[in-house]
Amino acid sequence: MTQAECGVEAAEQFGAGPADPGPGAQSLNVHSRNAYLSLLRLPGAARFSVAAAIGRTPMAMYGLGTVLLVKATTGQYGIAGIVSGAGSIGYAISAPRIASLADRFGQRRVLRPLVALFAISTVVFITCAELHAPIWLLLVTGCVAGSSMPSLGSMVRARWSALLAGSPALHSAFALESVADEMIFVAGPAVVTLLATKVFPAAGLGVALVVCLTGTILFAAQRGTEPPTRADTRSRRDRRPTAERAARGFAARVFAARGFALAAPSLATLAPAYLCIGAMFASIDLCTVDFAQQQGHKPLAGLILGTYALGSAIGGLWYGSRTWRAPLERRFVITMAITVAGVATFWAEPSLVSLDLSMLVAGLTISPTLIAGYSLVERQASDARRTEAMTWLSSTISVGVAIGSSIAGHLVDVAGPRPGYVFAAGCGLLAIVVCLVGQRSLRATEDTEAAQWVDAKQ
């Protein structure tokens with residue numbers, strides 16, 4: 001049996017569904033002792049993965065940097081949270097459409113004008129904040145800047161999915177990207193907090209902008225690993241045997257008649273769950289900043305949030321290096337429940353040291369939760385809508401961040417950080433309830449390809 005055949009067989013055993021093995025799956029040594037090094041040795045993989053990690057650094061800096069900038073100019077966390085939330089709402093609305101355009105026309109053609117718009121709008125927003133512009137103008141410019149932020153997380157995962165189609169190594173690739181995300185969150189909050197508090201308030205956003213421009217341009221330049229466009233995918237599908245096309249067309253019509261138009265069935269559950277997760281994370285960020293300020297060590301807030309991300313990175317590395325027999329949807333719910341249980345302890349922490357230790361432990365299951373969520377969507381999404389499907393997760397997290405920033409900001413202004421931590425735990429509990437109620441959509445594998453066939457034709 002060839003390695004390509006091994007990849008297809010293993011993918012079917014892991015619930016990935018039958019798929020044509022991608023170019024990386026055919027050359028990957030699936031028996032390597034270090035799965036991560038094997039992944040990065042694939043042609044072009046290290047280049048696009050590193051560039052994407054650089055380009056998406058603002059996701060760990062932009063929201064907190066906005067809060068610190070607006071707080072410095074207005075003196076109120078509530079207003080800062082609302083302005084930050086406006087950017088998150090803008091991102092949530094625009095990101096799926098931008099991802100759909102990337103699926104249709106290619107990532108490079110979409111990213112170049114997008115990152116230019118992001119640079120211009122961010123400069124305008126910083127200028128308005130420094131000049132103490134009216135709140136409505138901060139909301140508008142902040143929303144435009146957030147709307148144009150490149151969503152490289154879903155795009156890099158789409159590249160891995162195209163490269164490793166049909167291989168169980170895709171699990172490790174998603175783990176690698178989640179660990180990269182968490183390492184960004186280890187350094188990002190600490191850097192933006194130090195810049196905004198020790199240099200000048202806008203320094204954090206300015207550095208985030210420069211880093212985003214650099215990484216996005218480098219990522220867009222990697223054309224050899226760019227996923228096929230929607231037209232290319234449709235052309236390949238049209239070469240399937242006539243009988244197979246007819247059978248899938250019938251199943252697709254039945255599936256469409258039931259009203260399913262999502263890029264992946266699991267999004268019906270994952271989208272609201274990720275919204276709650278986003279609200280939980282935003283609340284933790286704001287409450288930690290205020291808690292550190294109350295303790296007289298505000299610059300340490302970034303380091304503590306970085307510890308939270310470090311725990312997540314450690315958990316992600318361990319999770320991605322193992323082979324799991326438990327169903328993917330069960331792992332998702334279990335890791336989420338453990339994450340929320342850790343968050344439920346934050347409100348009672350007496351000092352920054354104990355909070356830091358609690359965050360390190362509680363963070364261990366964050367990456368495994370997010371890895372499982374992306375894997376659930378990738379398992380169901382069609383080639384023609386893969387980037388869009390995964391972008392919906394980051395998009396709904398952004399909506400949650402907007403909600404969480406606004407509510408937690410007002411709670412902090414009125415009652416301090418501890419009620420905000422209770423609110424964060426409540427958001428996590430709601431996410432668990434949503435996932436338990438929606439288990440059927442998470443398990444959906446039958447007729448998924450039929451739904452994908454409808455999506456490809458749309």
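1. Helix α9 passes α19 in a right-handed crossing, where a crossing counts as right-handed if the near helix is turned clockwise from the far one by less than a right angle, and left-handed if anticlockwise. The contact, meaning heavy atoms within 4.5 Å, is made by Ser-154, Met-155, Arg-157, Ala-158, Ser-161 and Ala-162 of α9 and by Arg-386, Thr-387, Met-390 and Thr-391 of α19. The angle between α9 (residues 152–163) and α19 is about 140°, and their axes lie 9 Å apart; axes are lines fitted to C-alpha atoms, for helices over the stretch in contact, with angles from 0 to 180 degrees between N-to-C directions. The two helices are therefore oblique to each other, since angles under 35 degrees count as roughly parallel, over 145 as roughly antiparallel, 65 to 115 as roughly perpendicular and the rest as oblique.

2. On the basis of the note: this is a predicted model, in which local features need pLDDT of at least 70 and side-chain atom pairs count only at pLDDT 80 or more, whereas totals for chains, interfaces and linings use all residues. Residues are numbered from 1 along each chain as its sequence is written, and side-chain values use heavy atoms, with hydrogens and water left out.

3. The chain holds 22 helices and zero strands, these being DSSP runs numbered from the N terminus (H or I, at least four residues, for helices; E, at least two, for strands). Of its 458 residues, 58% count as buried, a term for under 20% relative accessible area, with exposed over 50% and partly exposed in between (1.4 Å probe, protein chains only). Among contacts between residues at least 6 apart in sequence, 84% join residues at least 24 apart.

4. The largest nonpolar core has 112 residues, and those with the most contacts inside it are Trp-160, Ile-284 and Phe-332; such a core is a set of buried Ala, Val, Leu, Ile, Met, Phe, Trp, Tyr and Cys residues joined through side-chain atoms within 4.5 Å. Helix α14 (residues 267–294) gives the most to this core, with 15 residues. Leaving aside neighbours within four places in sequence, Trp-160 is in contact with residues including Leu-39, Leu-42, Phe-48, Leu-170 and Leu-176.

5. Helix α19 (residues 386–415) also meets α18 (residues 366–380), their axes coming within 9 Å and crossing at roughly 150°, so that the two are roughly antiparallel. This crossing is right-handed, and Gly-373, Tyr-374, Val-377 and Glu-378 in α18 meet Arg-386, Ala-389, Met-390, Leu-393 and Ser-394 in α19.

6. Helices α16 (residues 328–343) and α20 (residues 417–437) pack at about 165° with axes 9 Å apart, and are therefore roughly antiparallel to each other, but their crossing is left-handed. On the α16 side, the residues that meet α20 include Phe-332, Met-336 and Val-340, and among those they meet in α20 are Ala-424, Gly-428 and Ile-432.

7. For α10 (residues 169–199), 31 residues at 1.5 Å a residue should span 45 Å, and the end C-alpha atoms are 43 Å apart, which agrees; the expected span is 1.5 Å times one less than the number of residues. Of these 31 residues, 22 are buried, so that α10 is mostly covered.

8. His-132 lies in the loop between α7 (107–130) and α8 (135–147). Its phi is near 55°, a positive value in a residue other than glycine, and His-132 is exposed, with a relative accessible area of 55%.
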